[in-house]
Structure formats: structure tokens, C-alpha cells
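Subject: Structure handover

Dear colleague,

Here is the structure you were waiting for. My notes on it follow below.

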Amino acid sequence: MAKLFGEFDKLESDFDDFAEMVGTCMTKSLEALFLYLEEGESERVKELTNIVHEYESKADEKRRNIITSILNGSLMPHTRSDMLNLIESIDDIADFSEDIIDEIIFLGLKFEHLDIEKGKEMEKLLLEQYNKLTKGLNLLFKDMDQALVYAHQLEEIESKLDDIEEKLIRNVGQNQELNTASKLSHRNLIKNISDLADVIEKVGDVIEIVISVRRG
């Protein structure tokens, strides 16, 4: 039994480290994105993009280490499966964050007609959402009831982002200064930012499943 509790302690510590790496990857990706919107592909944007790649790689390495530890451990099969699903869903956040910034830089897209203030409002909500996610993950091993509260809050924030997304896309669609290609590129960027909230919210869904199974 002592070994099992020790295994959960290590798992909790590993998840904390992993979530921090993924959070840095996401935060720097958003910072790079909005700086790119203001000044194009500057040196600072390149520096931030390199940090995104660095932390995505660190997170991926940590993910592999945690998976190896879980597979070689003594957790019950259903608990092992839940933990593997959880870590993969968290890793999706890093992958998606990296893809957002890589896509616009690779294509050299311009977004002169994007409402930056509304965009930064989305950024603020995403950072708030991820903060609540990390709190929920931390409490998953200590207080399942409170972890569930944070998991539910992820969906509430995701809904707010959906509302902003809808308004921004509507404004882009009605903008007579934009041609069809520009409208589509603006729409795709807005949707990508909003979809990041969906990716985070899906981790909350997994947390709910983990808690449901652990409660039996």
C-alpha cells in the first residue's frame, strides 16, 4: 500500500511539472501571436516562437517519461488508462498552441482588420482557463469535489470565448475591405484561438471521467 501511495505522490509531482511546461508553451505561443499581429515577424516574435518549440519538446519528453512510469507501475488497469488519457489530453494543448503560431508564420499571413482588443480579451480568458485547469489538476489527487468545480468552470470560460469568436467572425464577414481569401484567413485565426479553449475544456471532461471512475 505504501508503494501505491508513493506512486500517486510521484504521479502528482510529474503532472505538476508537465502542466507547467505545457502552460509555458501555450502562454508564449499567445504572446508571440499577438506580438506578430502588432509588428509582424520581429526578432522578439522569433525568440518567443523558439521558446514555444523548446517547451513543446520538453513537455513531449516529460509526457513520454510519465507514460513509461505509468506503464511500469502498479496502478490498477482502469486508473492507468485514465491517467494515460489525461496526459494525452493535456499534451494536445501544447501541440495545438505550437501549431497556431507556426501556421501564421509559415504562411506569412496578415491580419490588419482583426480587432486586437477583442483578441486580447480572448487571450486573457485562455490564460484564466488554463490557470483553473492547473488548479483542478493539482486538486485531483487531494480534493476531488473541488477539482470537479474547476473542471466545470473550464466549460463556462469556453462558452465566453465562443461568444467573442462569433462576434469577431461576423464582423470579418461583413467587412467590405476584405477579399474572400483575407476573410477566410481572419476567420481561421479567430477560430484557432477559440478552439484552443475547446482543447483545454476537453481536459476538464477527462478530469470528470477520472473522478467518476475513482468514486465508483
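A contact here means heavy atoms within 4.5 Å. Among contacts in the protein chain between residues at least 6 apart in sequence, 83% join residues at least 24 apart.

This is a predicted model, in which local features need pLDDT of at least 70, side-chain atom pairs count only at pLDDT 80 or more, and totals for chains, interfaces and linings use all residues. Residues are numbered from 1 along each chain as its sequence is written, and side-chain values use heavy atoms, with hydrogens and water left out.

The overall fold: the protein chain has six helices and zero strands (DSSP runs numbered from the N terminus; helices are H or I of at least four residues, strands E of at least two). Its radius of gyration, taken over C-alpha atoms, is 19 Å, close to the 17 Å that the globule rule (2.2 Å times the number of residues to the power 0.38) gives for 216 residues, so the chain is as compact as a globular protein of that length. The C-alpha trace spans about 65 × 35 × 20 Å along its principal axes. Of the 216 residues, 47% count as buried (under 20% relative accessible area, 1.4 Å probe, protein chains only).

Glu158 is buried yet has no salt bridge (a side-chain nitrogen of Lys or Arg within 4 Å of a carboxyl oxygen of Asp or Glu). The nearest side chain of opposite charge, Lys191, is 9.0 Å away; Lys and Arg count as positive, Asp and Glu as negative, and His and the chain ends are not counted. Leaving out residues up to four places away in sequence, Glu158 touches Gln129, Ala197, Asp198 and Glu201.

Regards

Key:
Buried < 20%, exposed > 50% of the residue type's maximum accessible area, 1.4 Å probe, protein only.
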